[in-house]
Amino acid sequence: MTPPPPPPPLLQLSNVRYRYPGAERDALTDVSLSVAARQFHAVLGPNGSGKTTLVRIALGALTPFVGQAAVDGRIASTWPRQELARLVGVVPQREDNLFPQRVRETVLLGRYPHLSLWGRERAEDHDAVDRALAACDAQHLADRWLWTLSGGEYQRVRVARALAQQPKLLVLDEPGMSLDLKHEMGLFELVLGLVETQGLGVLMITHDLNLAARFTDSLLLLDAGRPVASGVPGDVLTQQTVETVFSWPVAMQTVDGRPQMIPLRQPKESRP
Amino acid sequence: MLRRLLFAVLVLAACRPDGWTAGRPAQRIISLLPSFTEILFAIGAGDRVVGRTQWCDYPPAALAVPSVGEGLPPNIEAVMARRPDLVVLYNAGPNVTAAKQLERVGIHTVLIDLNRLEDLGPATRTLGRLTGFEVVAESLATVLDSLAGRPPPVSTTSLAFVVWDNPPIIIGHGSYLDQLAAQAGARNVFSDVAAPSAQVSLETIVARDPQWIAVLSDSAAPPGFAKRREWRAVRAVRDGHFLLLPGSSFGRPGPRSGEAIQQLRALLAR
Amino acid sequence: MRWALLGIVAALALVLSVVLGPAAVPLGELLRSDIVWNLRAPRALLAFLVGGSLGVAGAGLQALVRNPLADPFLLGLSGGAGLGAVVAIGLHLSGPWALPIAAFIGALAALGLVYRLGLIGGASLDPRILLLGGVAIGAFAAAITTAIVSLADAAELRNAFLWLWGGLSGASWDSVLLVALYAPIPLAVLLAASRPLDLLALGEESAGYLGADVEAVKRRVYLAASLLTAAAVAVSGVIGFVGLVVPHIARLVWGHRHRSLLPAAFIGGGALLAFADTLARTVVAPRELPVGVVTALIGVPVFALLLRRWTIA
């Protein structure tokens, strides 16, 4: 009797290479990454290092030239969008709000992948919305207009919308941008809680090294589309890799067993 | 009354330019309205007409005169190229501007009203005076005046002039065609509409139930809308009671207006 | 409650447009009158169907091009229809349906060109280019139309403009039947796209992540909305403001969710046009106002109020 094969990782990128049409250089070169259930994975890198391209490839919006991206064992670009949305919830970096809407309505949008073409929302859909709002500690916001929310509240609502999709994998693209300390920490705690209590796999794109190092299980550090290092935070975030990738002198310390980076002032004589 | 006054002022204004008086008849005339062309030929000034509009198709001799285009508004350069000493224009918005432009380059112009039967006599006299054919013009004008002054006969039938079918546009009171119908013994069912032409609902035509639908048309076939289902609600359309009136003889007031009345009367008596 | 109210308004608009008219029809003879059966009833129904179609097409296009000022006629269809009508008159095509068919073909040609332009950046339909291309193609077609009208001899060509802005005078049971058979298909396509259209308001990328097949939705919505508008222009000419204002009013009352917004825009648009046409026929009777004048007279103030509201908000 052989044990059943292990389930495929939720997300797997193998040796992915991509170049935008007309671009001079590759946006991503030879990138591999794997996210399993109950795993909090972060992708780090400076602006323009290919982080958002990686998300697009992981979700099948772009097809790699070389290598492949698979979600739950199936090539990402071959997933029907609606089925994929039941498996992967995404909090994109930016989105529009063409028409004013309330929080509950916007979270209900997360139920769309579960609805049939002509069917109405069922009781279970409203339950899922309530649970998602509760998980994000946002029930009290349910009847507020979206435009009245603070930046931190808005991000929680967007996470709640992704949770309403009842996904196995959650993808967040720079969710902490423009949040103050309390809200940014709150958001990371929230996401980590989802990993631990609900068994979600999480892929988070961020350029906040310290928070990523504090909260996540594994990191991928990108520089100009190339993987510089990957693995547990302690291995990836060394003074040498960080200084190379971010082109700035840093010092490294350890807090709670995790590496933390402190950017240094430039010596006086080399200041611009 | 006001219109006559305005007309007189305009004629006076047109006559004022120096070097030209009523005493020296025009020798090279451009007529920018088919009605004027007909009147000029009718009073014997046809050989002085050196330019006409593309619509001037009567009398046949007029077709030998070079055309200067549409006429409303006139093509100033085409008019100038004919070296006229008098340009006769229909008194309407764009023509007033054109007349001013022509005056500025030294070409004499006259703006004449010609909308209704009673305008015919004065217009004929004016043209007679400008060309030196006062006597012939006066006798023609007298005939035309009598047309306008004649009390219309008691109408024995009714009609509606349909200019366009979608949306339906009809001829109202105060227009030449309305007078023509009255003189021919037919009541225009839209003579209560004050405008020369107006958009109406089809159901109004149905409700007013004219015995005839009159259409200006050079074709012998009933108009296209005769086959449309909504138009068949009109009794005259269902019965095929169309009066197809050639535009050349019915569409404009002129020396042949008397004939047009006779012809319409004959058509109605069928 | 609001649905009941809307239903009452729509029923009232339909009843009024059958009862009221420039011709006096005694109430007792209403059901036997030829005027009511063959003129008012088909005209009221055509007004309702066309108004509803324009309302839905407008709501769909506003969500598609992500511009709340989009109007179904903004995308070049009126220019194409006008050109078609002028060509039909110029070629002396006869027959009772020559003009509507020619206008429909003209509108379809414009639709095809604008669609092709929208794909100019590759396989993805770009709503911004749809908008710009629509305006450009519309202006181009209008220029050719004007050139033909001013160069050709036939004075009747000018009537093509009358026809293009003609409104609902051409209503008959034939045209009602035609629209009633034709419109449900694009209407169903738009209604089926309600949920993806909701998602599209978040932007194309987010909509995709929430399960919408964005490219397919954009194409379907553009084609369905334009086909509705092309049919509307063929049976009733260009009627402005219904497709612009009705979706906005419906959004104020029903919110932005297309599953209720689209049906509300249909019933509301139908009621507005039926009502506007009743006014057009009766206020200056026996004369008639072009119905586009009435929709603009009602629509522009409402629209100005909405704009004010938005710029303040």
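Modeller: The largest nonpolar core has 179 residues, and Ala58(A) and Ala85(C) have the most contacts inside it. Such a core is a set of buried Ala, Val, Leu, Ile, Met, Phe, Trp, Tyr and Cys residues joined through C-beta atoms within 7 Å, where buried requires 20 or more other C-beta atoms within 10 Å of a residue's own, with C-beta atoms placed from the backbone. The model is predicted: local features need pLDDT of at least 70 and side-chain atom pairs 80 or more, while totals for chains, interfaces and linings use all residues. Residues are numbered from 1 along each chain, and chains are lettered from A in the order in which they are written.

Leaving aside neighbours within four places in sequence, Ala58(A) is in contact (C-beta atoms within 7 Å) with Leu11(A), Leu13(A), Ala69(A), Ala76(A), Val171(A) and Leu203(A). A second, separate core of 83 residues includes Phe36(B), Phe41(B), Ala98(B) and Phe225(B).

The helix to follow is H2 of chain C, residues 34-64, a helix being a DSSP run (H or I) of at least four residues. H2(C) packs against H12(C), residues 242-254, at about 75°, with the axes 7 Å apart. The two helices are therefore roughly perpendicular, a term for angles of 65 to 115 degrees. In this contact, Gly51(C), Leu54(C) and Gly55(C) are among the residues of H2(C), and Val242(C), Gly243(C) and Leu244(C) are among those of H12(C). By class, eight residues are nonpolar, five polar and none charged.

Chain C also touches chain B, through 29 residues of chain C and 21 of chain B. H2(C) gives the largest share of the chain C side, five residues.

Definitions and conventions
Axes are lines fitted to C-alpha atoms, for helices over the stretch in contact, and angles run from 0 to 180 degrees between N-to-C directions. Angles under 35 degrees count as roughly parallel, over 145 as roughly antiparallel, 65 to 115 as roughly perpendicular and the rest as oblique. Two residues are in contact if their C-beta atoms, placed from the backbone, lie within 7 Å. Ala, Val, Leu, Ile, Met, Phe, Trp, Tyr, Cys and Pro count as nonpolar, Asp, Glu, Lys and Arg as charged, and the others, Gly among them, as polar. A residue is buried if 20 or more other C-beta atoms lie within 10 Å of its own, exposed if 12 or fewer, and partly exposed in between; C-beta atoms are placed from the backbone.
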